[in-house]
Amino acid sequence: MRKSAIVSALLAAFAASPASAALKTGAAAPDFSAPAAIGGKDFVFSLAEALKKGPVVLYFYPKSFTRGCTIEAHEFAENYDNFAAAGASLIGVSADSIATQREFSTKECRDKFPVAADPNFSIIDAYDAKRDRPAQNGAAVSDRISYVVTPDGKIGSTFVSADPLEHVSQTLQFVRQWRDSHKH
């Protein structure tokens, strides 16, 4: 019964994704390390290290301090304890500089979880998360895509939506179902 619920959740998350964007469920998640900030302090985030502790919710967002991205950061911060209780960690990624991420991690992520800087688009490109059309100012940005990377290094869930609030509920639901199906 649990496996069918997980399959249903995976299919629902997959159906929400456009066919041309984002990595597919079951694909190998590209490993990366990146400059990041949490609580205004810099460190190097390592996906491989984070996966040793459990699933990682990796969410891409277009630009720090914009309306939708601020709403999404607040919602992830509000639900940080729920993700931690389910055994998952969070990391946000955008093309913003580390200086911007340092400030965003404190003001909008409320010191709860890290955000990584990817101004060269190396992570964004590896995860097929670059927005097809540039931002209003013509600059390239990432799309709003959330992945749950499972400890085996695979994409467990992919969710693409312009609605910043849906990302938290969709990824938290998947993480809880994944946790329940992997209890010993």
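This is a predicted model: local features need pLDDT of at least 70, side-chain atom pairs count only at pLDDT 80 or more; totals for chains, interfaces and linings use all residues.
**Exercise 1.** Determine whether E78 is buried or exposed, and find its salt-bridge partner.

*Solution.* Residues are numbered from 1 along each chain as its sequence is written, and side-chain values use heavy atoms, with hydrogens and water left out.

Step 1: The side chain of E78 forms a salt bridge with that of R110, at 3.0 Å from N to O. A salt bridge is a side-chain nitrogen of Lys or Arg within 4 Å of a carboxyl oxygen of Asp or Glu.

Step 2: E78 belongs to helix α3 and R110 to the loop between α5 and β5 (115–117), so the pair ties together parts 32 residues apart in sequence. Helices (H or I, at least four residues) and strands (E, at least two) are DSSP runs, numbered from the N terminus.

**Exercise 2.** Describe the salt bridge between K63 and D96.

*Solution.* Step 1: The closest N and O atoms of K63 and D96 are 3.1 Å apart.

Step 1: K63 lies in the loop between β3 (56–60) and α3 (67–78), and D96 in the loop between β4 (89–94) and α5 (98–107), so parts 33 residues apart in sequence are tied together.

Step 2: K63 is partly exposed at 39% relative accessible area, whereas D96 is buried at 6%.

Conventions. Buried means under 20% relative accessible area, exposed over 50%, partly exposed in between (1.4 Å probe, protein chains only).
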